[in-house]
Amino acid sequence: MTTDPALPVSDAADGPENPDSVHFRAPVSFVRRGSRLQGRRQQAWDELSDVFVIDVPRVHSDTSVDPEYVFDAEAAFGRKAPLVVEIGSGLGEAITHAAEQNPDKNFLAVEVYLPGLAQTLQRIGQKNLTNVRVVQANAPEVLTTMLPAGSVDELWVFFPDPWHKTRHHKRRMVKDSFAELAARALAPGGLWRLATDWSDYAVQMREVLDASAQFESLHAGERSGAGSPLTQVRAQGLEGKEASDDVDTLGGWAPRFEGRILTSFENKAHQAGRLIFDLTYRRI
């Protein structure tokens, strides 16, 4: 996890609700940190925010979204193109790399932390990108009201905060209610890509998506048994767990998404000896 107190604790640190919001009352899955900008981040914000930041009307807090506001992607990007939305875009490493590699697609970065958005703007400027927009907003409000139903072609949730303690599991982003919101925003046939470096959260993600009648796994039954990263975590006693011979017979783990650059956060997970779990589901 990042040690910068002004930055998210994971690539997808956004969460289900802002405590100051009127129309969302669930526990948040993010902890607010400093929002002060300095140096190049401040410069990037000053120079690029007018063009690349979506200025949404607020309700009570700086991450809320007025439920009457609806995002017009064609107007924002000046063209009609497939829309990819990353929830919890962190420092913008993944989304700006993908935008550079896919100029035919539009990308929207959703993040609650202003320094992360400023860093994303800095990357946009360095790469001379025109197909990325960023918004400081609470993810469920984005998926519930801001984005038109069926307007998203791909939804990304990479490395959301795992909230390890059992009493904090209610703060995890990926749960049944969030899956309903994701299904609303995604177009039929649209893809939801997820990744985490914690096995118990990976299992929760798999359970939530498998239970949803609105999604189907693109890799059902794959990488089960000895080839499952879950089996490997258990057998090797990773993540501080006691080693066991419990085999994952279900599988369903996707191969690593080639379109996701190795971010600084994911690299730290590798260095810590944690395995990466990828999941990909299609909106039915």
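Mentor: A residue counts as buried when its relative accessible area is under 20%. Please keep this cut-off in mind as we examine this predicted model.

Trainee: Is Thr 196 buried or exposed?

Mentor: Thr 196 is found in strand 5. Its relative accessible area is 0%. The cut-off for burial is under 20%, and therefore Thr 196 is classed as buried.

Trainee: Which residue has its backbone nitrogen 3.2 Å from a polar atom of the side chain of Thr 196?

Mentor: Thr 196 touches several residues beyond four places away in sequence, among them Phe 159, Tyr 201 and Phe 277. The polar atom of its side chain, however, lies 3.2 Å from the backbone nitrogen of Trp 198.

Trainee: Which strands are the edge strands of the sheet?

Mentor: Seven strands form an open sheet with mixed pairing, in the order 3-2-1-4-5-7-6. Each edge strand pairs on one side only, and these are strand 3 (132-136) and strand 6 (215-217).

Trainee: What is the bridge partner of Arg 193 in strand 7?

Mentor: Strands of a sheet pair through backbone hydrogen bonds, either parallel or antiparallel. Strand 5 (residues 186-196) and strand 7 (residues 277-283) run antiparallel and are joined by six bridges. In strand 7, the partner of Arg 193 is Thr 280.

Trainee: Which elements do the buried residues of helix 6 pack against?

Mentor: Helix 6 spans residues 176-185, and its buried residues include Phe 178, Leu 181 and Ala 185. The buried residues of this helix pack against helix 5, strand 4, strand 5, helix 7, strand 6 and strand 7.

Terms used
Residues are numbered from 1 along each chain as its sequence is written. This is a predicted model: local features need pLDDT of at least 70, side-chain atom pairs count only at pLDDT 80 or more; totals for chains, interfaces and linings use all residues. Side-chain values use heavy atoms; hydrogens and water are left out. Two strands pair if DSSP finds at least two bridges between them. Helices (H or I, at least four residues) and strands (E, at least two) are DSSP runs, numbered from the N terminus. Buried means under 20% relative accessible area, exposed over 50%, partly exposed in between (1.4 Å probe, protein chains only). Contact means heavy atoms within 4.5 Å. A polar contact is a pair of N or O atoms within 3.5 Å; within protein, one must be able to donate a hydrogen and the other to accept it, and residues adjacent in sequence count only if both atoms are side-chain atoms.
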